[in-house]
Amino acid sequence: MLSMMLATILSLGDSYTIGEGVKPEERWPVQLEAAMRSMGIETPEPQIIAKTGWTTDELKAGIEAAKVEDEYEWVTLLIGVNNQYRKRDVEEFREEYRGLLEFAIQKANGNAKRVLVLSIPDWGVTPFAKDRNQAEIAQQIDHYNEVKREETLRLGAHFIDITDISREAHDATSGLLAEDGLHPSGAMYARWVERVVPVLKKELGIK
């Protein structure tokens, strides 16, 4: 157990961050907070700036309209699925995503190693998308994620790939989907957090 000063979290994103279809305590940033507390890190409830349906430009506008503190110990960023869903240009996404990532690093006191970027989940495998071109969606998601990976690593932040987990959510029997048959369940979010925790431990020197 590690005794530390208060660690604040700012979480930026869309439906996957606000936790569409799950209870507030099942949202992945809130589960991350609980995991940090179990590691002995005193952490208040994360500040979440996210809304279902948001694209990169809409997240930027949401940030500008929100009350954001000067600094946070950790910043999480998960955005892009709605850019892909609306068939936005991927190079436009790159530019807008880079701006959001630079903002996230700034809010993490300029420390890119305190910024946790999650890859875009593949919604194409879900029952919601059963009548869509799932192979095409997967290919587009992979393209967007490659852009995210490139920009994230270029600026020195952490890129945490959870897309493979999302691709296990083929139907309701997986336990990985919310009731809407599209968004992740609390169980899937828990698995995302399991991917994030080793990154946290490494940065904090916790074995």
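Helix α6 covers residues 134-154, 21 residues in total. At 1.5 Å a residue it should span 30 Å, and its end C-alpha atoms are 30 Å apart, so expectation and model agree. The model is a predicted one.

**Around helix α6**

At the start of α6, a side-chain oxygen of N133 comes to within 3.4 Å of the backbone nitrogen of A135. Just after the helix, G156 has a positive phi of about 85 degrees.

Several residues of α6 are buried: I137, A138, I141, Y144, N145, V147, K148, E151 and T152. What do the buried residues of α6 pack against? Their partners are β3 (74-78), α4, α5, β4, β5 (158-160) and α7 (163-166).

**Salt bridges**

Side chains of opposite charge can pair when their charged atoms come close. In this model the count comes to 16 salt bridges. Three of them are set out here.

| Pair | N to O distance | Relative accessibility |
|---|---|---|
| E33 and R37 | 3.2 Å | E33 13%; R37 39% |
| R94 and E151 | 2.9 Å | R94 15%; E151 5% |
| R195 and D164 | 2.8 Å | R195 32%; D164 38% |

E33 and R37 sit in helix α2 (residues 28-38). They are four residues apart, which means a separation of about one helical turn. E33 is buried, whereas R37 is partly exposed.

R94 and E151 meet in a salt bridge. R94 lies in helix α5 and E151 in helix α6, so the pair ties together parts that are 57 residues apart in sequence. R94 counts as buried, because its 15% relative accessible area falls under 20%. E151 is buried too, at 5%. Both residues belong to a network of salt bridges that links E91, R94, R98, E150, E151 and R154.

The side chains of R195 and D164 also form a salt bridge. This pair links distant parts of the chain: R195 is in helix α8 (residues 186-204) and D164 in helix α7, 31 residues apart. R195 is partly exposed, and D164 is partly exposed as well.

Most residues other than glycine have a negative phi. K87 has a positive one, near 60 degrees. Phi of N109 is also positive, near 60 degrees.

Where are they found? K87 is in the loop between α4 (81-85) and α5 (90-107). N109 is in the loop between α5 and β4 (115-118). K87 counts as exposed, at 63% relative accessibility. N109 counts as exposed at 52%, because the cut-off is over 50%.

Technical notes: Residues numbered from 1 in each chain as written. Predicted model: local features only at pLDDT ≥ 70, side-chain atom pairs only at ≥ 80, totals over all residues. Heavy atoms only, no water. Helix = DSSP H or I, 4+ residues; strand = E, 2+ residues; numbered from the N terminus. Buried < 20%, exposed > 50% of the residue type's maximum accessible area, 1.4 Å probe, protein only. Expected span 1.5 Å × (residues − 1). Contact = heavy atoms within 4.5 Å. Polar contact = N/O pair within 3.5 Å; in protein donor to acceptor, adjacent residues only side chain to side chain. Salt bridge = Lys/Arg side-chain N within 4 Å of Asp/Glu carboxyl O.
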